[in-house]
Amino acid sequence: MQISFELNGSMRRARVEPHERLIDLLRDVLGETGTKEGCGEGECGACTVLVEGRAVNSCLFPAPEVEGLRVVTIEGLCGEGLQLSPVQAAFLEGGATQCGFCTPGMVVSTVALLGENPAPSASDIRNALTGNLCRCTGYVQIVEAIQSAAAKLSAGGEA
Amino acid sequence: MTCIAYHRPTSLGAALELAAENPDARFIAGGTDLLVKLRKRVHASPAALISLRRIDELARVEVGECLRIGAAVPLADLAVNEHVRERLPALTDALATFGSRQIRNVATLGGNLGNASPGSDAAPPLLVHDARLELRSTSGVREIPLAEFFRGPGETALGAGEIVTAILVDGPSEGAVSVFFRKSRVSMDIAIASVAVLLEVDGTRCTKARVAAGAVAPTPLRLEAAEAALEGTALDEAACAAAVASVDAAIAPISDVRAEEWYRRHVTAVLLRRALMRLAGSTAAVPTGGGGVS
């Protein structure tokens, strides 16, 4: 079936199979490989993208369902010339990334969180990231990086 | 998983017609249980999927004689709905820790209840609020108490081509309070045990008690012996102890990768005691509900 939807600000058209998942559409059809598949079961959150501003597991989101909707992936967060967004920069500076596999999902979930709660506590952050698993960092630097990014954004700027 | 077709009807009638015409089709709302099961081949690939995401009448919360929750409202929306928060404190507790944000942004009560996991977090709170389900097919509409809906692990009273269209809860009584507690290994894990309690108090006497447990039997279930131990009492230590003591004989937990049977028995009793302690302090005046712990 033919679908069209908005991806990172641009209208895209694609042919999808009825059983395809959004993650398949993004990675295999459209070549946007920033979104990762860690489990395929909606547990790890590495596949997190924003659909209509809401964080969802793209491994469980049927591709046909994205017709007419706005999707933002990790690729959509960079600025001109691949300039890192404040959240991405904070992860990098804060040592919140080791192997990097969970990072796109973590960053996208963080953007969703900060959109709702610009000054989250450490507890708010951990709650919001329940669906994003990291096997490398132990989460401490991730929480600190998010708090650092939140502080910078409060001082002015966009996520 | 392969399937021949993905339908996106925009009316309930069209969705039910599609189901009647395609007996091998499956309904899908959030898909967070169904797609996992299809990938793991728990079910055979359906010939078609019938999406319920674009049907307005399934996505509304309405307050009239009773609270009517559309079966396809995303759980994240229910969690912030003022009517749900005011009338169903135990469900609000459960929604705060349900799955993850990503799951709650698409998952639904219709899907969770229809999936009929013994460990459903939505079921115990709805059971203590005496929820009813509205079921529809092309043959018509019927209501069933939630307590009669679950038939076994993954099995419900749904007939062919039938779906849950709404969850119905009668208006709250004055002085009703409810709470939900769960225990799991980590935040995002199916519960090892969960307990919901609702109490109505008139003066110093408990006039109504509802107790339900999840993850400790083939289905979510009411603990009627605990209810009987509480109703008509002053919710004193003796009554609470009797209720807690009744739990062991009423549940049938299994040992699995998450926990052993003895631990689940122990935890269920602890959760009931904590729920009673939490509510005992709130029964004096206006219903306040309580929080959840994982």
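Predicted model: local features only at pLDDT ≥ 70, side-chain atom pairs only at ≥ 80, totals over all residues.
Student: Why is A:Thr48 called buried?

Tutor: The relative accessible area of A:Thr48 is 2%. Buried means under 20%, so A:Thr48 is buried.

Student: What makes the approach of the A:Thr48 side chain to the side chain of B:Gln102 a polar contact?

Tutor: The distance is 2.9 Å. The cut-off for a pair of N or O atoms is within 3.5 Å, so this pair is a polar contact. The side chain of A:Thr48 also reaches the backbone oxygen of A:Gly45, at 2.5 Å.

Student: Which residues is A:Thr48 in contact with, leaving aside its neighbours within four places in sequence?

Tutor: In chain A they are A:Ala55, A:Val56, A:Asn57, A:Gly105, A:Val108, A:Ser109 and A:Asn132. From chain B there is B:Gln102. A:Thr48 itself is found in strand E3 of chain A, residues 48–51.

Student: Turning to chain B, how do you know that E11(B) and strand E12 of chain B pair?

Tutor: Pairing needs at least two bridges. E11(B) and E12(B), residues 193–202, have 8 bridges in the antiparallel sense, so they pair. B:Ala176 stands opposite B:Glu200 in E12(B).

Student: What makes E11 and E14 of chain B edge strands?

Tutor: The open sheet has the order E11-E12-E13-E14 in chain B, with antiparallel pairing. Strand E11 (176–183) and strand E14 (221–222) each pair on one side only.

Student: Which helix packs on this sheet?

Tutor: Helix H12 of chain B, residues 261–280, packs on the sheet and touches E11, E12 and strand E13 (205–214) of chain B. The direction of H12 makes about 30° with that of E12(B).

Note on methods: Residues numbered from 1 in each chain as written. Chains lettered and ligands numbered in written order. Heavy atoms only, no water. Helix = DSSP H or I, 4+ residues; strand = E, 2+ residues; numbered from the N terminus. Buried < 20%, exposed > 50% of the residue type's maximum accessible area, 1.4 Å probe, protein only. Polar contact = N/O pair within 3.5 Å; in protein donor to acceptor, adjacent residues only side chain to side chain. Contact = heavy atoms within 4.5 Å. Axes fitted to C-alpha atoms, helices over the stretch in contact; angles between N-to-C directions.
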